[in-house]
Amino acid sequence: MDDIIKSIIEIDRGASKRIEEAEKQKLRMIEEARAEEERIIAAALEAKKAELAELEKEELNKTNARISELMQEKNEKLEAMKQSFEKNSDKWCEEIFKAVISI
């Protein structure tokens, strides 16, 4: 009878030890899963930061190109106005003079 009780106690100890090891393994697996989740999130954040930086760079380039276009248009219009003034300034002065005298 003692042998049966000892055997049952040994089986119980073995089962308890396996349960304890399984719990430790479960906790390790949970910890590893959390660490993997953090790595995945960090990698995704880095990828999105890189993507955002690239988009920002592209938008800045587009903006600078548009500013250059607008500056060119402004310079062309100023040049056209300058040429118009140089061409017509004498005529305009004469018209203004005549308008003032006729008053």
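**Terms and the values behind them**

Reader: Why is E76 called partly exposed?

Author: The relative accessible area of E76 is 46%, and the term covers what lies between buried, under 20%, and exposed, over 50% (1.4 Å probe, protein chains only), so E76 is partly exposed. This is a predicted model, in which local features need pLDDT of at least 70 and side-chain atom pairs count only at pLDDT 80 or more, while totals for chains, interfaces and linings use all residues. Residues are numbered from 1 along each chain as its sequence is written, and side-chain values use heavy atoms, with hydrogens and water left out.

Reader: What makes I96 count as exposed or buried?

Author: I96 has a relative accessibility of 55% and therefore counts as exposed. For the protein chain as a whole, 2% of the 103 residues count as buried.

Reader: Where in the secondary structure is I96 found?

Author: I96 belongs to helix α1, which covers residues 2–101; a helix here is a DSSP run of H or I with at least four residues, a strand is a run of E with at least two, and both are numbered from the N terminus. The secondary structure of the protein chain comes to one helix and zero strands.

Reader: Why is the protein chain called more spread out than a compact globule?

Author: Its radius of gyration, taken over C-alpha atoms, is set against a globule rule of 2.2 Å times the number of residues to the power 0.38. That rule gives 13 Å for 103 residues, whereas the protein chain has 43 Å, well over that value, so the chain is more spread out than a compact globule. Along its principal axes, the C-alpha trace spans about 140 × 25 × 5 Å. The C-alpha atoms of I96 and S7, which are 89 residues apart along the chain, are separated by 124 Å, and those of E76 and E37, 39 residues apart in sequence, by 58 Å.

Reader: What makes E23 and K26 a salt bridge?

Author: A salt bridge needs a side-chain nitrogen of Lys or Arg within 4 Å of a carboxyl oxygen of Asp or Glu. The side chains of E23 and K26 meet at 4.0 Å, N to O, and because they are three residues apart in helix α1, about one helical turn separates them. E23, at 40%, and K26, at 43%, are both partly exposed.

Reader: How many salt bridges does a search of the whole structure find?

Author: The search finds eight salt bridges. Among them is the one between E36 and R39, whose closest N and O atoms are 2.6 Å apart, and these two residues also lie three residues apart in helix α1, about one turn of the helix. Another joins the side chains of K62 and E59 at 3.5 Å, N to O; here K62 is exposed at 52%, while E59 is partly exposed at 44%.

Reader: Why is the pair of F85 and W92 called tilted?

Author: A search of the whole structure finds one aromatic pair. The ring centres of F85 and W92 are 6.3 Å apart and their planes are at 50°, so the pair is tilted. By definition, rings of Phe, Tyr and Trp (its six-membered ring) pair if their centres lie within 6.5 Å, and planes under 30 degrees apart count as stacked, over 60 as edge-to-face, and the rest as tilted. W92 itself counts as partly exposed, because its relative accessibility is 35%.
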